[in-house]
Amino acid sequence: MRVVHMYFAVARGMTMGVRAACFDADGRIFLVRHSYVPGWHMPGGGLERSEVAEEALVKELREEGNLKIVGRPQLFQVYFNTSASSRDHVLFYRATVEQTAPRPPDREIIECGFFALDNLPQGTTDATYRRLAELAGEREPAPVW
């Protein structure tokens with residue numbers, strides 16, 4: 001993963017990604033577990049050159065969870081993501097979603113699903129907990145992911 005970010009740092013200068021807190025009609029959040037990084041995360045990914053952020057979000061949610069956004073996603077915060085590189089930023093959205101079909105595991109996404117906020121899976125990342133606390137108004141949004 002670090003090699004990919006090093007390549008993007010040289011090729012692009014600055015990298016930007018999208019990530020979303022995706023809630024279903026029952027108020028459950030959708031999380032994914034990747035094969036290449038530990039823990040449960042909210043879905044998202046990097047923007048390609050000339051790609052519009054909301055288009056990237058729609059694409060990533062479809063690819064990572066067969067999710068379709070209901071209405072418009074709401075931009076919540078822009079974070080500086082120092083864990084990826086010294087040039088990465090994340091546009092963080094809140095979205096209501098519907099899953100169009102179950103998402104089978106593959107080489108990238110080994111597990112995914114909807115979870116009640118009071119019963120998140122073991123291994124949910126600290127960043128995921130921080131973002132959820134910020135969304136709930138329990139803490140101020142941080143500038144760093």
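My entries follow, from the whole chain down to single residues.

This is a predicted model, so I kept in mind that local features need pLDDT of at least 70, side-chain atom pairs count only at pLDDT 80 or more, and totals for chains, interfaces and linings use all residues. Residues are numbered from 1 along each chain as its sequence is written, and side-chain values use heavy atoms, leaving out hydrogens and water.

Elements: I find three helices and seven strands in the chain, taken as DSSP runs (helices H or I, at least four residues; strands E, at least two) numbered from the N terminus. Their order from the N terminus is α-β-β-β-β-α-β-β-β-α.

Size: the radius of gyration is 15 Å, which agrees with the value near 15 Å for a compact globule of 145 residues. I took it over C-alpha atoms, and the globule rule is 2.2 Å times the number of residues to the power 0.38. The C-alpha box along the principal axes is roughly 45 × 35 × 30 Å.

Burial: 42% of the 145 residues are buried (under 20% relative accessible area; exposed is over 50%, partly exposed in between, with a 1.4 Å probe and protein chains only).

Contacts (heavy atoms within 4.5 Å): of those between residues at least 6 apart in sequence, 68% join residues at least 24 apart.

Phi: most residues other than glycine have a negative phi. I noted Ser50, with a positive phi near 65°, in the loop between strand E4 (44–46) and helix H2 (53–65). Ser50 is exposed, at 81% relative accessible area. Asn66 also has a positive phi, near 55°, and sits in the loop between H2 and strand E5 (67–80).
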